[in-house]
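Here's a quick briefing to read alongside the model. Keep the sequence and the 3D view open as you go.

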Amino acid sequence: MEPLSSDRAANRLNLLVWIALIWAVAILGRLLDLQILSHAELRRQADIQHLRNLEVRAPRGTIFDRNGRVLAMSLPVDSVAVDPRQIKDPAVAAGILAGVLNLDEAALYEKLKESSEGPGRRGFLWIKRKISPEESERLRSMKLEWVEFRQESRRYYPKGTLAAHLLGGVDSEEKGNAGIEMALEDELQGLPGSVRMLTDVKQRGYDSEVFVEPQPGRNLTLTLHEGIQYVAERELKAAVEENNCQTGSIVVMDPRTGDVLALANYPTYDPNEPVKPGEKEKQARFDLAVSVPFEPGSVFKVITVAAALETTPLKPESIIPCGSGRINLFGRVIRDHDSYASLSMADVLAKSSNIGAIQIGMRVGDARMYEYVRRFGFGKATGVPLPAESSGMLRRVSEWQPSSIGSIAMGHEVSTTTLQLARACSVIANGGLLVRPRLILAHHKPGGKPEIEPVEEFKQILKPETAIMTRRMMEGVVLHGTGKKAHLDGYTAGGKTGSAQIFDLEKKVYTHRYNASFMGFAPVTNPRVVVVVTLNGSAKFGGAVAAPVFREVATTALRLLDVPKDLPEGISPDTNEPAGVDDLAIAGLSSPPPPPPAAAAAAGGVLVARASSRPANVQAVGPTVPDFMGKTMRAVLEQSAALGLAVEVQGSGLARAQAPPAGSLLAHGEHVRVQFVR
Amino acid sequence: MHTAALVRSSRLRPTPNEDVYFFVKRIDNSRVVRAANPRARQRCWQFLGTGGLITLLLIGLFLPSAYGLFLGYDLEELKSQQKRLLEERSALELEEARLLAPARLQELARARELAPPAAGRVVYLSPGSSAELAWNVKSK
């Protein structure tokens with residue numbers, strides 16, 4: 001019996017071993033299948049189940065003003081999309097979504113219906129992008145499983161219209177489309193990264209790995225001063241509206257470094273709002289101060305005077321013959337706005353005598369005048385990091401006509417931007433150094449120290465003594481010249497007024513609308529700010545409309561920059577003298593090349609006078625000559641200045657005769673002569 | 001005949017092993033004692049010890065992973081919280097910037113009838129002067 005039992009046990013054991021062996025082989029085979037043969041497919045399925053690739057947002061860089069105040073920043077916002085195939089009833093879905101997201105229900109229904117059936121059927125449809133947090137919260141609370149939220153980024157400009165032209169804006173994909181946003185797109189934009197996250201069955205993440213490191217955009221600190229910018233915009237708007245001008249621009253600059261403290265244009269726009277169709281809206285987005293050149297008019301006499309001080313024996317006290325208000329320039333009789341037999345060079349600037357400026361310009365000569373105009377940076381872009389910067393227009397000497405020297409000496413036959421004028425004025429203010437306008441103060445690498453933008457080495461283009469003499473002469477303009485309205489309370493100031501007639505491209509005539517401007521600096525001894533104001537389409541002269549804007553902006557800027565006052569307060573310039581503001585430069589001495597398209601576009605068809613020859617079909621386009629009879633000289637001057645009329649006065653006392661008579665229309669370039677008798 | 005048949009038919013069919021009788025036989029095995037087997041006991045303890053050790057090893061092996069898993073949940077939660085807080089901070093910075101917009105401040109100042117100081121109302125202290133003027137106190 002025992003051997004039999006032992007054999008049976010052995011057989012059973014063998015059977016068990018075989019079963020175990022077969023089982024092990026089966027397991028091994030299955031493992032082989034799972035781990036090797038079907039590995040890729042199984043891995044893919046597993047990844048779908050518990051691996052999520054998430055995009056990590058890299059925010060666009062924030063833009064600050066020079067004091068660290070936020071001017072532009074990006075925030076994540078939700079966008080709403082749906083899978084139309086999952087929507088059972090498009091009408092119900094459209095009703096819900098339209099109600100929450102303030103959309104047109106009928107239009108949304110059509111979109112949903114089109115996307116959920118027929119040839120246009122698809123699995124993804126944007127409903128509304130970049131919705132507000134309130135809309136997102138309301139929609140999320142509904143827990144609609146067919147609604148998908150995607151995170152995007154939205155650019156905000158918390159100060160609204162402040163510095164709109166300088167900052168620019170972004171499109172729906174958050175790419176810069178104007179201003180700094182466009183010019184420094186590469187620096188500001190962030191590159192999104194991605195993270196691989198392992199999730200459990202409830203889609204809760206428990207492990208993640210950065211797959212692509214996100215690269216946030218670099219923050220920028222501008223040289224802009226928020227407070228000065230605000231005041232510049234406020235005063236510009238008030239001046240443009242009050243004087244019925246078409247457009248205006250202001251640049252405030254620190255002459256020591258070239259820092260642009262404010263750059264404003266009017267009309268303006270809110271960069272938070274998307275671009276709306278329409279010519280008016282398009283014009284509001286022009287960066288006039290940088291992109292639209294104009295003929296500067298009499299403010300350019302500063303360049304003429306500075307060139308004369310450097311290249312001729314003339315001194316501020318040198319007497320310049322002014323031909324009693326008449327000069328024959330290459331066969332053409334030019335009349336000045338006021339009759340002066342002669343003036344000192346300082347007074348030529350103070351009184352803005354055109355004939356005086358022509359005489360000085362002729363003393364300088366074509367070649368040297370051209371050289372100095374170039375030295376001041378005219379005719380080439382300043383290099384400020386803004387798109388579509390205009391280089392202005394300055395013809396080569398070889399293209400000049402005989403009378404060009406006279407035109408250029410008065411600020412015609414040359415066109416500049418407001419920014420170029422501010423740069424030129426800085427040369428006078430800082431002792432003869434040509435600065436490059438600086439807009440970016442510092443770049444911030446994420447998590448790194450700010451990199452200060454270096455100030456470029458200045459180029460000495462004028463002798464310091466020339467700059468100081470010119471500065472003193474410009475102070476005279478404010479103290480007893482055409483720029484009295486630019487007088488600052490508590491600060492010395494220097495400047496120059498300018499008025500250039502605007503040429504109507506459609507009617508081919510010069511109008512009695514002016515490009516009224518003022519460029520100045522303060523304090524005179526150690527200038528801290530340069531302010532250039534340009535009002536396009538003014539009926540009054542620069543001294544009347546642009547100088548008060550300079551006063552308000554410069555006063556605020558000096559206060560905000562903590563510049564100590566260098567005068568006792570309450571001292572006003574000599575008011576006994578009539579406040580002559582007529583500084584109209586004579587346009588039309590010679591034929592210029594066709595105007596740049598930017599200027600024509602900006603002026604909406606009305607181009608700034610370009611010193612072209614007087615058109616053949618000059619018409620009497622107004623304004624109507626008022627009745628000056630019986631009025632004092634001061635009253636006549638004030639009234640004519642207010643109307644933008646050039647008046648030639650003779651004698652003293654009360655007005656007893658005038659030509660043309662009251663009520664007649666003036667042709668371009670025509671003066672009103674008024675005879676005063678005691 | 002009929003009666004005899006009825007008698008036969010009324011008898012029960014015998015059950016299997018009907019003739020086997022069981023009875024209880026009392027056996028006294030109180031003197032039977034299990035012999036001590038120290039080897040078996042040793043094996044038993046060895047088995048228990050090995051089992052325990054393997055269990056501990058397995059726990060030691062998997063515990064960090066499990067702990068890491070739970071920490072992973074916490075970490076991801078903290079990361080999403082950090083992201084949310086950063087976004088909230090950005091939103092607050094934006095709101096602050098809106099509230100401090102110069103145009104808004106001017107409106108508020110106008111509503112409260114505040115104005116920039118008039119000429120002569122601002123006193124600039126010379127660097128060498130004492131702070132008496134600023135503190136509005138008389139010198140002793």
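Let's start with one pair of residues: Q650(A) sits opposite Q675(A), which belongs to β31(A). Bear in mind throughout that this is a predicted model.

**The three-strand sheet in chain A**

- β28(A) and β31(A), the latter covering residues 672-677, pair in the parallel sense, with five bridges between them.
- Zoom out and you get an open sheet of three strands in chain A, ordered β28-β31-β29, with mixed pairing.
- The edges belong to β28 (647-651) and β29 (654-659) of chain A; each has a single partner strand, so one side of each is left without a neighbour in the sheet.
- On average, neighbouring strands in this sheet are turned by 25 degrees against each other, ignoring direction.
- There's a helix to look for here too: α21 of chain A, residues 633-643, lies across β28, β29 and β31 of chain A.
- Relative to β28(A), helix α21(A) runs at about 175 degrees.
- As background, strands of a sheet pair through backbone hydrogen bonds, and they can do so parallel or antiparallel.

- For an antiparallel case, go to β23(A) and β24(A) (residues 509-522), which are joined by 10 bridges.
- Within that pairing, G494(A) stands opposite F521(A) of β24(A).

- Chain B has four helices and zero strands, and along the sequence its pattern reads α-α-α-α.
- Of the 140 residues in chain B, 1% count as buried.
- The contact between the chains involves 24 residues from chain A and 18 residues from chain B.
- On the chain A side, the elements giving two or more residues are β3 (70-82), β9 (205-212) and α9 (226-242).
- Sorted by class, that side of chain A has 10 nonpolar, six polar and eight charged residues.

Definitions and conventions: Residues are numbered from 1 along each chain as its sequence is written. Chains are lettered from A and ligands numbered from 1 in the order in which they are written. This is a predicted model: local features need pLDDT of at least 70, side-chain atom pairs count only at pLDDT 80 or more; totals for chains, interfaces and linings use all residues. Two strands pair if DSSP finds at least two bridges between them. Two residues are in contact if their C-beta atoms, placed from the backbone, lie within 7 Å. Ala, Val, Leu, Ile, Met, Phe, Trp, Tyr, Cys and Pro count as nonpolar, Asp, Glu, Lys and Arg as charged, and the others, Gly among them, as polar. A residue is buried if 20 or more other C-beta atoms lie within 10 Å of its own, exposed if 12 or fewer, and partly exposed in between; C-beta atoms are placed from the backbone. Axes are lines fitted to C-alpha atoms, for helices over the stretch in contact, and angles run from 0 to 180 degrees between N-to-C directions.
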